[in-house]
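Subject: Structure handover

Hello,

Here is the structure I promised to pass on. Please open it first, then read the notes below.

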Amino acid sequence: MDSHNECSGFTFSTAASGEKHSHYKGNSTKEQEQERHLSPPKWTKVLLIVFAVCLVFALGGLCFLGKLYVNVLGQLQKTNGTDYKEQFDALKSQHMETLKKLGRFNHSTGCALCAVHWIHSGGKCYYFSKVKMNWTQSRDHCMTLGGHLVIINSKAEQDFVTSNVEETHWIGLNDLYTEGHWVWVNNQPLNNSVAFWMKRDKGTSEPDNWTKDHPDGEDCASLGHPGGDTNFWMDAYCFAKKRFVCEAVAAV
């Protein structure tokens with residue numbers, strides 16, 4: 001009897017102990033869950049740190065792009081406001097100064113020199129173009145090269161120029177302002193004793209101011225014509241595309 005009670009007591013005690021243990025474990029699980037809810041996992045903290053770093057870099061990139069945009073916009077505004085005529089005048093002045101220096105050098109050495117692609121003859125330099133332009137464009141292009149459309153003042157010069165061309169070329173003679181009054185690009189009137197207009201046995205000789213294809217007529221002079229010899233002058237439509245001859249004083 002006593003033994004049974006002891007066993008029962010033992011069993012009761014064990015059960016009671018089990019209930020207490022089970023109750024304790026339940027409380028422990030709830031506390032752990034609460035701690036999990038209150039304390040975010042470590043990976044969440046890492047993500048927040050990475051996000052913060054990325055945000056800092058993004059803001060830095062935006063600041064850099066903003067500065068770059070302002071600089072580019074400033075450069076564009078500066079370029080758009082550039083006076084290209086002033087740039088052209090500065091380059092022209094620089095070119096003339098270079099020619100003067102070349103002239104002083106040639107004078108000291110006793111040599112007569114011309115720029116590259118120019119041919120020296122009789123104290124002058126001549127440039128025979130490879131491209132075709134109208135008369136006005138040809139005149140302006142010669143000026144950018146430091147010279148002018150050729151002015152022919154003698155039979156020797158005429159022979160030299162024509163010996164270097166195989167097709168029609170513009171020369172610096174025109175009557176654009178007064179019909180029949182031919183002047184050179186330096187505004188000097190044509191000396192009729194030194195003129196090489198084409199002569200025809202029948203019909204009108206050059207210049208004939210042909211108006212069949214254009215009412216304004218032919219106001220610019222060229223060496224020869226597209227389908228013939230180049231040993232004479234002809235008047236032609238100024239808008240026609242031709243090669244041209246430039247002239248400049250040789251640096252002596």
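**L173 and the cores**

Leaving aside neighbours within four places in sequence, L173 is in contact (heavy atoms within 4.5 Å) with W135, W182, V183, W184, L190, W197, D219, C220, A221 and W233. A second, separate core of 15 residues includes W135, L149, W170 and A236. The largest nonpolar core has 20 residues. Those with the most contacts inside it are I152, V161, I171, L173, W184 and W233. The elements β2, α5 (155–163), β4 (169–174) and β6 (220–223) each give two or more residues to this core. Here a nonpolar core is a set of buried Ala, Val, Leu, Ile, Met, Phe, Trp, Tyr and Cys residues joined through side-chain atoms within 4.5 Å. Buried means under 20% relative accessible area, exposed over 50%, and partly exposed in between (1.4 Å probe, protein chains only).

**How to read the model**

This is a predicted model, in which local features need pLDDT of at least 70, side-chain atom pairs count only at pLDDT 80 or more, and totals for chains, interfaces and linings use all residues. Residues are numbered from 1 along each chain as its sequence is written, and side-chain values use heavy atoms, with hydrogens and water left out.

**The chain overall**

The protein chain has five helices and eight strands. These are DSSP runs, numbered from the N terminus: helices are H or I with at least four residues, strands are E with at least two. Along the sequence the pattern is α-α-α-β-β-α-β-α-β-β-β-β-β. Of the 252 residues, 26% count as buried. Among contacts between residues at least 6 apart in sequence, 69% join residues at least 24 apart. The chain exposes about 17800 Å² (Shrake-Rupley method, 1.4 Å probe), and carbon and sulfur atoms supply 60% of that.

**Helix α5**

Which residues of α5 are buried? They are E157, Q158, F160, V161 and T162. Their cover includes β1 (119–121), β2, β6, β7 (233–236) and β8 (243–249).

**The second largest pocket**

About 160 Å³ of space lies in the second largest pocket. A pocket is an open set of points on a 1 Å grid, where a 1.4 Å probe fits, with protein on both sides within 12 Å along at least five of seven lines; lining residues have an atom within 4 Å of a point. The volume is the space filled by probe spheres set on the points. Of the 13 lining residues, F128, S129, K130, N164 and R243 are the closest to the centre. Strand β2 (residues 124–128) gives the most to the lining, with three residues. The lining divides into five nonpolar, four polar and four charged residues.

**Loop residues**

L145 lies in the loop between α4 (135–144) and β3 (148–149). L145 is partly exposed, with a relative accessible area of 29%. Not counting residues up to four places away in sequence, L145 touches H95, W118, Y127 and C246.

Most residues other than glycine have a negative phi, and most peptide bonds are trans.

- A cis peptide bond joins E206 and P207, with omega about -5 degrees. P207 lies in the loop between β5 (183–184) and β6.
- H117 has a positive phi, near 75 degrees. H117 sits in the loop between α3 (84–109) and β1 and is exposed, at 66% relative accessible area.
- N209 has a positive phi, near 50 degrees. N209 is in the loop between β5 and β6 and is partly exposed, at 23%.

Best wishes

Definitions and conventions:
Ala, Val, Leu, Ile, Met, Phe, Trp, Tyr, Cys and Pro count as nonpolar, Asp, Glu, Lys and Arg as charged, and the others, Gly among them, as polar.
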